[in-house]
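Please read the points below beside the sequence and the model.

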Amino acid sequence: MSDQLTGLESYEEFVPKLKKAVADMPEEACIAVVYSDIKHFKYFNDTFGYRRGNRLLARMAEMFSSGGDDFLCGARVVSDNIVCARFCFDGDKTIFLDEIKASIAYIEEVLRKEFMCERIRMTAGVFFIDAGVRGINVETAISNANLARKHSKLDGSDSVTLFLPEMATKIDNELEIISTIEDAIRNHELMAYYQPKIDSNSEKIVGAEALVRWIKPNGTMIYPDEFIPILEKSRQIIDVDYFIYNEVFAFLRDRLDRGERVVPVSMNVSRQHMKELEIIDYVRDLCETYKVPPKYLEFELTETMCTERTDRVMEFITAFHEMGIRVSMDDFGSGYSSLKLLSQIPIDVIKLDRCFLRSPELSEREKIIITSIVNMTKELKMCSLCEGVETSDQSSFLAGIGCDAQQGYYYSKPVRLDDFRNLLVAGCAR
Ligand code: C2E
Ligand code: MG
Ligand code: MG
């Protein structure tokens with residue numbers, strides 16, 4: 001027993017003990033490695049003080065080790081991370097996992113009562129060592145249980161999570177993205193691609209949307225859906241957005257300097273910007289530096305952002321309107337669109353999500369819905385644009401009902417800057 005705080009073993013003692021238990025394990029039995037911690041332990045310490053935090057850990061450890069005959073050994077790895085090994089005689093993993101879940105729920109319940117704090121929650125990851133994997137290095141088994149715990153946190157759905165082999169790749173992939181993005185920005189692996197926006201009547205290019213692409217040194221392209229959700233969690237998306245804004249401003253400035261035709265370019269805004277709103281000053285500085293007239297700029301907020309952070313979104317729009325910059329609502333109709341929201345938020349453009357055009361041939365019902373949204377935007381004095389236009393039928397239908405603009409593969413996929421320049425010279429994308 002060498003962890004003074006909890007009375008558990010030290011990690012150095014735990015590993016050989018677990019190794020021995022695995023070696024002695026009967027064929028039909030199995031051992032569960034359970035790696036757990038307390039959610040928001042820092043919050044508990046900050047609120048109630050370290051002494052109480054220490055008592056909480058000691059009590060948690062005590063309950064783990066006195067939980068029953070199946071407890072083999074346990075250790076505090078670091079801070080509030082406690083790992084323990086439990087023995088299952090008949091090796092029925094489904095029942096065993098339920099028991100582990102129940103015992104963790106029980107520990108949580110007791111801790112909440114004893115420490116009079118309803119917010120105490122635990123997270124745990126479980127890895128089973130059975131006859132099939134008894135040759136596994138026990139440290140790998142521990143780190144698998146830890147990965148499952150991290151997964152619980154990322155996922156947020158369940159507080160006890162069983163390890164699955166694909167978790168290793170998923171977390172590896174996330175860590176790889178988080179740890180390489182800064183270099184990628186510095187080394188110009190990120191690029192802005194441009195997707196033209198087409199006027200429904202004239203079929204001429206009247207604008208573009210800048211979309212980020214990550215091109216690895218070996219030439220493979222990573223699409224935003226693969227890395228943006230991860231960078232949104234780590235907040236590094238802010239750097240990515242600023243990088244793209246700089247590219248767009250520099251591109252517009254360059255065309256203005258050459259006296260070439262310029263169309264407005266829209267840029268996406270991550271939900272993370274709504275926390276601090278530092279983006280307002282950032283864009284104001286870009287406008288000063290590049291001296292791009294605001295009529296060539298547009299920023300896209302997603303519908304979900306508008307619903308979740310209406311107050312911040314209002315502040316954002318007011319500031320951007322003061323700068324003379326248009327704001328659009330992206331992916332309209334993909335979430336829980338609230339019509340009330342539209343009456344509150346003075347947005348300039350509604351971008352209908354491509355989910356409205358899922359089928360190449362639109363049904364009558366789909367047509368009615370799209371038509372009424374387009375009519376509504378007109379009455380609200382907003383512009384309408386439909387995303388994801390892939391067929392000529394869809395395009396003529398949209399033109400027929402008076403949807404102002406269109407964006408989609410029917411006209412052009414997002415393209416590299418040079419290709420976009422050529423499209424601008426041609427004036428149209430088909
Ligand atoms: P979004 O802003 O709604 O962009 C439209 C997405 O639809 C783009 O995907 C575009 O390539 C795709 N698309 C356009 N036309 C069609 C079509 O006809 N058919 C189909 N199937 N798809 C079409 P992409 O470039 O993969 O971007 C995905 C999302 O990632 C974007 O959705 C946007 O939310 C986000 N994103 C992209 N670039 C940035 C960025 O620089 N910053 C931030 N914060 N988000 C970005
Ligand atoms: Mg967009
Ligand atoms: Mg969109």
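1. β6 (190-199), β7 (205-215), β9 (265-268), β12 (349-352) and β13 (383-386) each give at least two residues to the lining of the second largest pocket. Strands here are DSSP runs (E, at least two residues) and helices likewise (H or I, at least four), numbered from the N terminus. This is a predicted model, in which local features need pLDDT of at least 70 and side-chain atom pairs pLDDT 80 or more, while totals for chains, interfaces and linings use all residues. Residues are numbered from 1 along each chain as its sequence is written, ligands are numbered from 1 and chains lettered from A in the order written, and side-chain values use heavy atoms, without hydrogens and water.

2. The volume of the second largest pocket is about 220 Å³. Of its 17 lining residues, K197, V206, E298, R326 and A405 lie nearest the centre. A pocket is an open set of points on a 1 Å grid over the protein atoms alone, with protein on both sides within 12 Å along at least five of seven lines; lining residues have an atom within 4 Å of a point.

3. The largest pocket has a volume of about 1,300 Å³. It is lined by 47 residues, and E209, L211, P224, D225 and R354 are the closest to its centre. Elements that supply at least two lining residues each include β6, β7, α7 and β10.

4. Donors are N, O and S atoms within 2.8 Å of the metal (3.2 Å for Na, K and Ca); water is not among the atoms, so the site may look incomplete. D330 coordinates the magnesium ion (ligand 3) as well, and the two ions are 4.0 Å apart. E300 is in strand β10 (residues 297-302) and D330 in strand β11 (residues 326-332), so the pair ties together parts 30 residues apart in sequence.

5. Helices α6 (residues 165-186) and α7 (residues 224-234) pack at about 75 degrees, with axes 10 Å apart. Axes are lines fitted to C-alpha atoms, for helices over the stretch in contact, and angles run from 0 to 180 degrees between N-to-C directions. The two helices are therefore roughly perpendicular (65 to 115 degrees). In α6, E174, I177, I178 and I181 meet α7 residues including F227, I230 and L231; contact means heavy atoms within 4.5 Å.

Key:
Angles under 35 degrees count as roughly parallel, over 145 as roughly antiparallel, 65 to 115 as roughly perpendicular and the rest as oblique. On a 1 Å grid over the protein atoms alone, a cavity is a set of points where a 1.4 Å probe fits but cannot get out, and a pocket is an open set with protein on both sides within 12 Å along at least five of seven lines; lining residues have an atom within 4 Å of a point. Grid points are joined across faces, edges and corners, and a volume is the space filled by probe spheres set on the points.
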